[in-house]
Amino acid sequence: MKKVNKIALMFVLSLSLFIVLSVSVLYDSALSQLDTTVSNFMKDIENSSLTNTMILLTRLGEWYGIVFISALTVLALMYGKRKRDALIFSLFLIVGFLLESIAKIATQRERPPYGIIHVSGYSFPSGHAMMTALLFLLICYLYRKRLLYIISIFIVSLVGFSRIYLNVHWLSDVIAGYALAICMFSIFIIWRYLEQTKLPL
């Protein structure tokens, strides 16, 4: 049960962070100053080469990038005769997308002005950061390869950074996206643990 307790703590902490950020956004707290400071810093380091790289990286978090990687993962799981894993993997991604969409509608936060690329919709939380993090957390858990961990950390971190650099998200949007992904991932692990130990859900 120690493992479950640790995961439960991770769930509580990530959910608490998400709630705090959500309340801060709704009531326009001092967090806005930090977001503005980081946004201004990104403008100071802006250059054409870095911008082109960030535009390329941010595409990994677009819906078609998520769908493509998800489809490959599902096919790999099905090929490995892990149909239940494929089903649960798909279910959590769908629920994650729905939660992210609901959070955007609930907060209705405007995106930073003068984004380098044009993006529509609300800003909080970052869907790119949230879905990329959730996707790769699930993949890492299902396959547990050290090289995969390293690649995933780089991809998830760079996608989040790209959203801030391109000025289509505030820093707090990206952090909230990661927090929501970890929250969902915690539920996934507990679900799997309860299934494997035959404990009642």
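What volume does the second largest pocket have? About 300 Å³. Okay, hold that thought while I do the housekeeping. What we have here is a predicted model, so local features need pLDDT of at least 70 and side-chain atom pairs count only at pLDDT 80 or more, while totals for chains, interfaces and linings use all residues. Residues are numbered from 1 along each chain as its sequence is written, and side-chain values use heavy atoms, with hydrogens and water left out.

Pockets, then. The grid is 1 Å over the protein atoms alone, and a pocket is an open set of points with protein on both sides within 12 Å along at least five of seven lines; a residue counts as lining if it has an atom within 4 Å of a point. Grid points are joined across faces, edges and corners, and the volume is the space filled by probe spheres set on the points; the probe is 1.4 Å.

The largest pocket holds about 480 Å³ of space. It has 19 lining residues, and Glu62, Trp63, Ile66, Phe97 and Met131 are the closest to its centre. Two or more lining residues come from each of α4 (63-79), α5 (83-107) and α6 (127-143). Helices here, by the way, are DSSP runs of H or I with at least four residues, numbered from the N terminus. By class, that lining splits into 10 nonpolar, 6 polar and 3 charged. For the classes, Ala, Val, Leu, Ile, Met, Phe, Trp, Tyr, Cys and Pro are nonpolar, Asp, Glu, Lys and Arg are charged, and the others, Gly among them, are polar.

Back to the second largest pocket. Its lining has 14 residues, and nearest the centre are Phe136, Leu137, Cys140, Ser152 and Ile153. The elements giving two or more residues to that lining are α6, α7 (146-165) and α8 (171-196). The class count there is 11 nonpolar, 2 polar and 1 charged.

Next, the surface. There's a nonpolar patch made of Leu91, Ile94, Val95, Phe97, Leu98, Leu99 and Ile102, with about 610 Å² of accessible area together. To be in such a patch, a residue needs over 30% relative accessible area and no salt bridge, and nonpolar side chains (Val, Leu, Ile, Met, Phe, Trp, Tyr) are joined within 5 Å. The areas are Shrake-Rupley with a 1.4 Å probe, and for residues only the protein chains shown count as cover. Take Leu99, which sits in helix α5. Why is Leu99 called partly exposed? Because its relative accessible area is 34%, and the scheme says buried is under 20%, exposed is over 50%, and partly exposed is in between.

A contrast in that helix: Ile88 is also in α5, but at 3% relative accessibility it counts as buried. From Ile88 to Ser126 you go 38 residues in sequence and 23 Å in space, C-alpha to C-alpha.

On to charges. A salt bridge means a side-chain nitrogen of Lys or Arg within 4 Å of a carboxyl oxygen of Asp or Glu, and that rule gives 5 of them. Asp85 turns up in two that I want to show. With Arg82, the closest N and O atoms are 2.9 Å apart; Arg82 is partly exposed at 25%, while Asp85 is buried at 12%. With Arg192, the closest N and O atoms are 3.0 Å apart. That pair links distant parts of the chain, since Arg192 is in α8 and Asp85 is in α5, 107 residues apart. Arg192 is buried as well.

Then there's Arg109 with Asp173, where the closest N and O atoms are 2.7 Å apart.

Phe124 and Pro125 are joined by a cis peptide bond, with omega about -5°, and Pro125 is in the loop between α5 and α6. Lys81 isn't a glycine but has a positive phi of about 60°; it's in the loop between α4 and α5 and is exposed at 76%. Arg144 is another non-glycine with a positive phi, about 50°. Arg144 lies in the loop between α6 and α7, partly exposed at 49%.

Note on methods: Patch = residues over 30% accessible without salt bridge, like charges linked within 9 Å, V, L, I, M, F, W, Y side chains within 5 Å. Buried < 20%, exposed > 50% of the residue type's maximum accessible area, 1.4 Å probe, protein only.
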